[in-house]
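User: I have a model open and want to go through the side chains. Can you take questions as they come?
Analyst: Go ahead.

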Amino acid sequence: MHMPATQSSSEIAYNGPMKILVIEDDREAADYLQKAFTEAGHTAHVAGDGETGFALADSGDYDVMVVDRMLPRRDGLSVIAGLRSRGNTTPVLILSALGEVDDRVTGLRAGGDDYLTKPYAFSELLARVEVLNRRASAREAETVYRVGDLELDRLSHSVRRAAREITLQPREFRLLEYLMRHAGQVVTRTMLLENVWDYHFDPQTNVIDVHVSRLRGKIEKGFDKPILHTVRGAGYMLKSG
């Protein structure tokens, strides 16, 4: 087992608490990371295999994921690629004993955002996780989203399509904002329940379908091209063209 170099995490500065998912099958290494992240002021959840990690990542709202490449039940690259195919954009740091250039390239092309070779110093791992979180936060800090001729302004709380103003109810606005933040990606009902409604309930409920239908009517009525698409068996996708 490759344990990270020891360093007091209390000496390491960070830019705000994060919720981190660690997918690592080495129990000792996973416990170390969970303890170190906690001491640094963060919340860390641990999954010991790829299938469990995928399920947690797919249903949870994490700031960053730390994923070991070699995992039982489902390897790390498959986990990442599967999440990306479902529209999950959470930043991922890949951990691996495989450090050749081709290995790193393969990991990044699978959807990883950064790649760290074992053994590593926790101070470097934490710094890399913080950078990934800052990049993601900067993207979320955007005040105006545009998809084709549709524009949403978070500051003025206004929506326009082809310069025509569209009036939305607060929940419809939050729904559209989330869809626009993930434009071009499949957004599942579970993602909408957890990030727009902020709670869990029966995923078979039609509340999402009702709101999507109302939203679609407002942003598509009177326009030639549809922009909010239903992906059968998966969810919804906002895209132009």
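User: What sits over the ring of Phe54?
Analyst: The charged end of Arg74, 4.3 Å from the ring centre. A charge sits over a ring here if NZ of Lys or CZ of Arg is within 6 Å of the ring centre and within 35 degrees of the ring normal. Lys19 lies over the face of Tyr62, at 4.9 Å from the centre of that ring.

User: Where do these coordinates come from?
Analyst: This is a predicted model, in which local features need pLDDT of at least 70 and side-chain atom pairs count only at pLDDT 80 or more, while totals for chains, interfaces and linings use all residues. Residues are numbered from 1 along each chain as its sequence is written, and side-chain values use heavy atoms, leaving out hydrogens and water.

User: What's the average pLDDT?
Analyst: The average is 85, and 88% of the residues score at least 70. pLDDT is the predictor's confidence in each residue, from 0 to 100.

User: Where does it stay under 50?
Analyst: Over residues 5-14, for which the model has 20 contacts beyond four places in sequence. Contact means heavy atoms within 4.5 Å.

User: Back to rings. How many aromatic pairs are there?
Analyst: The search of the whole structure gives 2. Tyr32 and Phe122 form an edge-to-face pair, 6.3 Å centre to centre with 85° between the planes. This pair links distant parts of the chain, with Tyr32 in helix H1 (residues 27-39) and Phe122 in helix H5 (residues 122-140), 90 residues apart. Helices (H or I, at least four residues) and strands (E, at least two) are DSSP runs, numbered from the N terminus.

User: And why is Phe37 with Phe122 called edge-to-face?
Analyst: Because their planes are at 70°, with the centres 5.2 Å apart. Rings of Phe, Tyr and Trp (its six-membered ring) pair if their centres lie within 6.5 Å; planes under 30 degrees apart count as stacked, over 60 as edge-to-face and the rest as tilted. Phe37 is in H1 and Phe122 in H5, 85 residues apart. Tyr32, Phe37 and Phe122 form one aromatic cluster.

User: Is Phe37 buried or exposed?
Analyst: Buried, because its relative accessibility is 0%. Buried means under 20% relative accessible area, exposed over 50%, and partly exposed in between (1.4 Å probe, protein chains only). Tyr32 and Phe122 are buried too.

User: Which residues have the most contacts inside the largest nonpolar core?
Analyst: Leu150, Leu176, Leu192, Ile219 and Leu238, in a core of 27 residues. Helix H6 (170-181) gives the most to this core, with 6 residues. A nonpolar core is a set of buried Ala, Val, Leu, Ile, Met, Phe, Trp, Tyr and Cys residues joined through side-chain atoms within 4.5 Å. Apart from this core lies another, of 20 residues, including Val66 and Phe122.

User: What does Leu238 touch?
Analyst: Leaving out residues up to four places away in sequence, its contacts include Val147, Leu176, Ile219 and Ile227.

User: Which strand does S10 pair with?
Analyst: Strand S10 (residues 228-231) pairs with strand S11 (residues 235-238) in the antiparallel sense, over 4 bridges. Two strands pair if DSSP finds at least two bridges between them. His229 stands opposite Met237 in S11. The hairpin has 3 residues between its strands, and Gly233 takes a positive phi near 75°.

User: Last one. Where is Thr90?
Analyst: Thr90 is in the loop between helix H3 (76-85) and strand S4 (92-96). Thr90 is buried, with a relative accessible area of 13%. Beyond four places in sequence, its contacts include Tyr62, Arg84 and Asp113.
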